Amino acid sequence: MKESLDRVARFLKTQPELAGYEVRQDKGELHLSRGSDCFVRLIPEEKKGQWHIEHFHNQERWECLDFVGSLEECLDLLTENTHYLFWEG
């Protein structure tokens, strides 16, 4: 898990869309946050190297995206679909 955490942290530093975002590990999941608010959870699948994404939808509830992929694919999806990123407010 440490390797995955480090990969996400490095990725966040290279993407202008994700400036100011942080990653932390929580019970086997990787949580992306801005400030103290978690807005995306990357959750490992049973198949090694595969992850799925849950995002905090409209500041109300967690919603699972219909997507499973590598960690890099999940991060690419987030940068390409900015509506999944943390709300401003």
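Helices (H or I, at least four residues) and strands (E, at least two) are DSSP runs, numbered from the N terminus. The model is predicted: local features need pLDDT of at least 70, side-chain atom pairs count only at pLDDT 80 or more, and totals for chains, interfaces and linings use all residues. Residues are numbered from 1 along each chain as its sequence is written, and side-chain values use heavy atoms, with hydrogens and water left out.

**Exercise 1.** State how many helices and strands the chain has, and in what order the elements run.

Solution. Step one is the count: the chain has 2 helices and 5 strands. Step two is the order, which from the N terminus on is α-β-β-β-β-β-α.

**Exercise 2.** Find what share of the chain is buried.

Solution. Begin with the term: buried means under 20% relative accessible area, exposed over 50%, and partly exposed in between (1.4 Å probe, protein chains only). Of the 89 residues of the chain, 40% count as buried.

**Exercise 3.** Describe the largest nonpolar core and the elements that supply it.

Solution. A nonpolar core is a set of buried Ala, Val, Leu, Ile, Met, Phe, Trp, Tyr and Cys residues joined through side-chain atoms within 4.5 Å. The largest one has 20 residues, and V8, L30, L32, L42 and I53 touch the most other members. Two or more residues each come from α1, β2, β3, β4 (51-57) and α2 (71-80). The element that gives the most is α2, with 5 residues.

**Exercise 4.** Identify the aromatic pair and say which parts of the chain it ties together.

Solution. Rings of Phe, Tyr and Trp (its six-membered ring) pair if their centres lie within 6.5 Å; planes under 30 degrees apart count as stacked, over 60 as edge-to-face and the rest as tilted. The structure holds 1 such pair. Y21 and F39 form it, edge-to-face, with 5.2 Å centre to centre and 65 degrees between the planes. Y21 lies in the loop between α1 (2-14) and β1 and F39 in strand β3, so the pair ties together parts 18 residues apart in sequence. Both Y21 and F39 are buried.

**Exercise 5.** Locate K27 and say what marks its phi angle.

Solution. K27 sits in the loop between β1 (22-26) and β2 (29-34). K27 counts as exposed because its relative accessibility is 81%. Its phi is near 50 degrees, a positive value in a residue other than glycine. Most residues other than glycine have a negative phi.
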